[in-house]
Amino acid sequence: MGTTMKCRCCQRELELELIDLNHAPPSNSFLSQDQLNAPETTYPLRVLVCEHCWLGQVDQHKDAQEIFGNDYVYFSSYSTSWLDHARRYVADVSERLKLGREAFVVEVASNDGYLLQYFQAQGTPCLGVEPTGSTAQACRDKGIEVIEAFFGEQLGAQIARDRRQADLIVANNVFAHVPDINDFVEGLKLVLAPNGTITLEFPHFLQLIQRRQFDTIYHEHFSYLSLHTTEYIFRAHGLCVYDVEELPTHGGSLRVYGRHVNHEALPVRPAVQDLLRRESDLGMQTPEFYRSFADQVTSIKLDLLSFLIAQRRQGKRVMAYGAAAKGNTLLSYCGVLKDLLPVVVDLSPHKVGKFLPGVHIPVLSVDEIRVRKPDFLLILPWNLKQEIMAQHAYIREWGGQFVTAIPELEIA
Ligand SMILES: [Zn+2]
């Protein structure tokens, strides 16, 4: 008997299990050749859903906070499509909120300044918050001021006191990754000017369930959020959601606009009620909505294994593309080892020459595709499928085909 888990948002007891992915190593702990000979630590990976606030959350086992909470890594952002996304956002939000030279913008998880650089270019004063030293420095190199720390209530109070409150707070792809979500939202509340706006972007729990994106579950991804739950957390801190947009990023994300509850000059847009109703109509506030997910994930596993076994028996060559957290969760859960999948290729020079955690499949350079001429290239980051298929269309020259496993096995 384990101890009872409490919801990290509302403290109620958790009983509803979404999925148990058994044990998995930390998703970004790529191994060197030497480390293959050493014992490897894995941690339970299970998602529970609170039946009061409907927050999906990874099981808080004994050391989770220490292991995954203290050095959580913000998403980095090198791709041109992500930069375009940031540039368009800055143009749109500046127009919408009339942010000029008198405004003040704070970005939490400012990374290397990929987004703040566009505010800086238009002359809007801004400040980044980024705990990772190397990326914080890259941001400073662009001439942008950065506080090198984790964001929460304490830092929020400090910025409001020592600097000023923000007309806009931006936090992209960090909300779902903070270990203490209440502390984080309280920090936002303290930094936010009385008539200011918060925008958050995070993967939508609805999409995870409907598109069976179980490979986006990993230890550092603490929270799985609907609009309903976001509104619940905001309300608990005197904030509310006044607009929402659905974005295609990360397999389906929400961009939520928040403000102080009492700043009623900003009306709540119809999009908020529309999406809350859609979530509710689909049953997101009922346990039944979550109960078939585990069986659907098992089907993905069976289909992928059947495919790999069939190819192996016929002597066909299969390679995988993209050594990242998603692929690690998928391969680790399905138990795919190098006898079925000998190689994963990746663009990042930091990963080439290493091995995937848990399953120990070697990571090689993308050049290996032309060398080994695989019959099938299994695309692990399905969110980049179109981009990857276009870049590697040359595999058609030798009859190669592309494969994705999620939401279901597809060969193209
Ligand atoms: Zn709860």
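## Lining of the largest cavity

Helix 12 (residues 325-334) supplies three residues, the largest share of the lining of the largest cavity. Helices (H or I, at least four residues) and strands (E, at least two) are DSSP runs, numbered from the N terminus. The lining consists of Ala24, Pro25, Pro26, Ser27, Leu45, Tyr218, His219, Asn328, Thr329, Ser332 and Pro357. By class, six of these residues are nonpolar, five are polar and none is charged; Ala, Val, Leu, Ile, Met, Phe, Trp, Tyr, Cys and Pro count as nonpolar, Asp, Glu, Lys and Arg as charged, and the others, Gly among them, as polar.

The volume of this cavity is about 50 Å³. A cavity is a set of points, on a 1 Å grid over the protein atoms alone, where a 1.4 Å probe fits but cannot get out, and lining residues have an atom within 4 Å of a point. Grid points are joined across faces, edges and corners, and the volume is the space filled by probe spheres set on the points.

## Model and confidence

The structure is a predicted model, in which local features need pLDDT of at least 70 and side-chain atom pairs count only at pLDDT 80 or more, whereas totals for chains, interfaces and linings use all residues. Residues are numbered from 1 along each chain as its sequence is written, and side-chain values use heavy atoms, with hydrogens and water left out.

The chain has a mean pLDDT (the predictor's confidence in each residue, from 0 to 100) of 93, and 95% of its residues reach 70 or more. Over residues 69-75, however, the pLDDT is below 50, although this stretch has 23 contacts in the model beyond near neighbours in sequence; contact means heavy atoms within 4.5 Å. Where pLDDT is low, the predicted coordinates should not be read in detail.

Three cavities of 30 Å³ or more are found in the whole structure.

Six strands form an open sheet in the order 14-13-12-15-16-17, with mixed pairing. Strand 14 (363-365) and strand 17 (410-411) are at the edges with a single partner strand each, so one side of each lacks a neighbour in the sheet. Strands pair if DSSP finds at least two bridges between them. Strand 12 (residues 318-321) and strand 15 (residues 376-379) pair in the parallel sense over four bridges, and Met319 stands opposite Leu377 in strand 15.

Key: On a 1 Å grid over the protein atoms alone, a cavity is a set of points where a 1.4 Å probe fits but cannot get out, and a pocket is an open set with protein on both sides within 12 Å along at least five of seven lines; lining residues have an atom within 4 Å of a point.
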